[in-house]
Amino acid sequence: MNRVREYRKQQQISQMELARRIGVARQTINLIENDKYNPSLELCLNLAHALGMDLNTLFWDGDEAK
């Protein structure tokens, strides 16, 4: 589970704009948001930076750790 879509929408950023910011295809963002693609650590870091989040907030649910 990830919160890429949630935080992207909160910031009113399109998939295309987020993809442009981190240098990937829009389809990559779509696949990540739909849990159909496991991004590399580098891509996760780029997403977190572009959305102003940390990795834990963006990719790990506190309830899953329990």
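**View 1. Residue T28 lies in helix α3.** Helices here are DSSP runs of H or I with at least four residues, numbered from the N terminus. The model is predicted, with local features requiring pLDDT of at least 70 and side-chain atom pairs counted only at pLDDT 80 or more, whereas totals for chains, interfaces and linings use all residues. Residues are numbered from 1 along each chain as its sequence is written, and side-chain values use heavy atoms, with hydrogens and water left out. T28 counts as buried because its relative accessibility is 18%; buried means under 20% relative accessible area, exposed over 50% and partly exposed in between, with a 1.4 Å probe and protein chains only. Not counting residues up to four places away in sequence, T28 touches Y37 and L43, contact meaning heavy atoms within 4.5 Å.

**View 2. Helices α2 and α3 cross at roughly 110°.** The axes of α2 (residues 15-22) and α3 (residues 26-33) come within 8 Å; axes are lines fitted to C-alpha atoms, for helices over the stretch in contact, and angles run from 0 to 180 degrees between N-to-C directions. The two helices are therefore roughly perpendicular to each other, a term for angles of 65 to 115 degrees. From α2, Q15, M16, L18, A19 and I22 meet R26, I29, N30 and E33 of α3. By class, this contact of α2 with α3 has five nonpolar, two polar and two charged residues. Ala, Val, Leu, Ile, Met, Phe, Trp, Tyr, Cys and Pro count as nonpolar, Asp, Glu, Lys and Arg as charged, and the others, Gly among them, as polar.

**View 3. The buried residues of α2 are Q15, L18, A19 and I22.** Seen down the axis of α2, these residues fall within an arc of 100°, so they line one face of the helix; the arc is that of the directions from the helix axis to the C-beta atoms. They pack against α1 (4-10), α3 and α4 (41-51). On the other side of α2, M16 and R20 are exposed. G23, which follows α2, has a positive phi near 75°.

**View 4. The largest nonpolar core has 17 residues.** Such a core is a set of buried Ala, Val, Leu, Ile, Met, Phe, Trp, Tyr and Cys residues joined through side-chain atoms within 4.5 Å. The residues with the most contacts inside this core are V4, L18, L47, L51, L58 and F59. At least two core residues come from each of α1, α2, α3, α4 and α5 (55-59), and α4 gives the most, with six. Not counting residues up to four places away in sequence, L58 touches N2, R3, V4, Y7, L47, A48, L51 and M53.

Conventions: Parallel < 35°, antiparallel > 145°, perpendicular 65-115°, else oblique.
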